[in-house]
Amino acid sequence: MANHTTRLDHVVLWVSDPVAAAGFYEKAVGLEPMRVAEFSEGKVSFPSVRVNEETILDLAPRGIAERMNMLPGSADSAGHPVNHVCLSLSSADFDALRARLDAHGVPMSDIGHDSFGARGKATRNFYFRDPDGNVFEARHYA
């Protein structure tokens with residue numbers, strides 16, 4: 001990819017069990033797992049799941065927090081999730097995600113309308129948590 005405009009590359013989520021988290025994101029959310037076998041074999045520090053061609057979620061085990069020394073205090077963020085991460089979907093994918101989450105018994109908020117985001121007001125949105133308490137919003141625009 002030669003386009004060098006600013007994009008969101010990845011978000012690192014703290015999780016207690018990266019393999020289980022990858023399974024949740026694959027089965028309940030519908031994201032493609034990456035490097036799970038390599039993580040299980042001890043070859044990489046964490047697995048990831050692909051959001052789209054350009055963006056992934058890294059599933060970092062809290063046990064590696066002490067190695068997070070890129071900035072003073074970085075290790076202290078372990079266990080402190082961001083407010084939420086928002087996934088923008090097509091209308092059909094929004095409905096399919098809600099159905100998958102429901103089939104997996106994942107609690108969800110009611111559907112909201114006209115929530116502001118990167119592309120203006122979303123037609124519909126809702127929130128859910130992953131098994132580690134990270135909060136996600138799902139939305140679609142008209």
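Strand S5 (85-88) and helix H3 (91-103) each give at least two residues to the lining of the largest pocket. The model is predicted.

**The largest pocket**

This pocket has a volume of about 390 Å³. Its lining counts 18 residues, and the closest to the centre are Val 51, Asn 52, Cys 86, Leu 87 and Ser 88. Where does the largest pocket lie relative to domain 1 (1-80) and domain 2 (82-141)? Both domains give residues to the lining, so the pocket lies between them. By residue class, the lining divides into 12 nonpolar, 4 polar and 2 charged.

**The second largest pocket**

About 160 Å³ of space lies here. Which elements each supply at least two residues of the lining of this second largest pocket? They are S5, strand S6 (115-117) and strand S9 (135-140). The largest share comes from S5, with 3 residues. The lining includes Cys 86, Leu 87 and Ser 88. Phe 116, Gly 117, Ala 118 and Arg 119 also line this pocket. Glu 137, Arg 139 and Tyr 141 complete the list. The lining splits into 5 nonpolar, 2 polar and 3 charged residues.

**Side by side**

| Pocket | Volume | Lining residues by class |
|---|---|---|
| Largest pocket | about 390 Å³ | 12 nonpolar, 4 polar, 2 charged |
| Second largest pocket | about 160 Å³ | 5 nonpolar, 2 polar, 3 charged |

Note on methods: Residues numbered from 1 in each chain as written. Predicted model: local features only at pLDDT ≥ 70, side-chain atom pairs only at ≥ 80, totals over all residues. Heavy atoms only, no water. 1 Å grid on protein atoms, 1.4 Å probe; cavity = no way out; pocket = protein on both sides within 12 Å on 5 of 7 lines; lining within 4 Å. Points joined across faces, edges and corners; volume = space filled by probe spheres on them. Helix = DSSP H or I, 4+ residues; strand = E, 2+ residues; numbered from the N terminus. Nonpolar A, V, L, I, M, F, W, Y, C, P; charged D, E, K, R; others polar. Domains from an automatic or database assignment.
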